[in-house]
Amino acid sequence: MTTFEQLTVEQLEEAAAYIAALNSNKKFHIGFCGTEKEDILGDLHEDFVEDNQVYIFVTRNADEITGLVGFDIYDGTAEVWGPFSREQQIENQLQFWHFATAKLNQVKEFLFFINEENTFQQQFMQMIDAKKSSDELYLKRMKETFQPLDVIRSEPYHEQDFAQFEAIHSQAFPNTYNSAKTIVERLHKSAHQLIVLKENHALQGYAYFEIDDAQHSTHLEFIAIAPAYRGQGLGKQLLNEALTLIFANEAITHVTLTVNNTNTHANSLYYKTGFQKQDALLSYVLQV
């Protein structure tokens, strides 16, 4: 008999083991979740627990987890870890999805990142009417082959930079899930860092990244150059400066990022800077 339940903090280790097992197989793979149990467990404690409420739900059959979905919720948007399903039965997963989301009245938008080889969850996206938003490449840059820069021009973001930062960000990423305001609000957490490149008082570009000590990694969320300064090699400079700052942290072994598969200019820059393709992901959005 299949049952549905919301997990407690004490059950997170079991959830981490299940995610690690399924996410190691591209047939079940969901972007950004990781494949190492201990790393995943750290992320679950940090991003999926609020006021002792755990936003992870599972299906069970004879006490064994057969499905899981987690929600990293921020400001009305949830990044979805999953759905994961070992049994891959559409009707059961649909009932499970309704069970979980019925407890998330604060969420108005769900974001999914599904491996292109995970055809079952692509079928499920169609069933719940989630809209495909983009084809993404998931890239990784390892630390051991990186040569750090001797001179760093960029500097930490300051409050007086906001207007120019917002203008660059909204122009470069008009439909993104993280607004300039949201990014700045997250900077109170030490894991979130925003650096800017300036000429006199003019903002030339910025890079925003999130450090994950648990997974020994950093995810480069956004990097952009203002239109007036493009074509001058500043994108490569800023990227290498960001990598230099990130890899100065001894705990970090690699940097990851996602980029639109059709963005040939950016892809060329990342490959030339030593990033390598890990996965092709399909991005979906569900508005409720």
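# Questions on a predicted protein model

Colleague: How many helices and strands does the protein chain have?
Modeller: Helices (H or I, at least four residues) and strands (E, at least two) are DSSP runs, numbered from the N terminus. By that rule the protein chain of this predicted model has 8 helices and 14 strands.

Colleague: Why is the protein chain as compact as a globular protein of that length?
Modeller: The radius of gyration is taken over C-alpha atoms, and the globule rule is 2.2 Å times the number of residues to the power 0.38. For 288 residues the rule gives 19 Å, so the chain is as compact as a globular protein of that length, since its radius of gyration is close to this value, at 20 Å.

Colleague: Which conventions apply to the model?
Modeller: Residues are numbered from 1 along each chain as its sequence is written, and side-chain values use heavy atoms, with hydrogens and water left out. As the model is predicted, local features need pLDDT of at least 70 and side-chain atom pairs count only at pLDDT 80 or more, whereas totals for chains, interfaces and linings use all residues.

Colleague: What percentage of the 288 residues is buried?
Modeller: Buried means under 20% relative accessible area, exposed over 50%, and partly exposed in between (1.4 Å probe, protein chains only). In the protein chain, the buried share of the 288 residues is 51%.

Colleague: With which residues is Ile128 in contact, leaving aside its neighbours within four places in sequence?
Modeller: Contact means heavy atoms within 4.5 Å. Once those neighbours are left aside, the contacts of Ile128 are Leu94, Trp97, Phe112 and Leu286.

Colleague: What covers the buried residues of α4?
Modeller: In helix α4 (residues 119-127), the buried residues are Phe120, Gln121, Gln122, Phe124 and Met125. Their cover includes β6 (77-85), α3 (90-101), β7 (109-115) and β14 (276-287).

Colleague: Is Asn52 buried or exposed?
Modeller: Asn52 is placed in the loop between β2 (49-50) and β3 (53-54). Its C-alpha atom is separated by 8.0 Å from that of Thr8, 44 residues apart along the chain. Because its relative accessibility is 63%, Asn52 counts as exposed.
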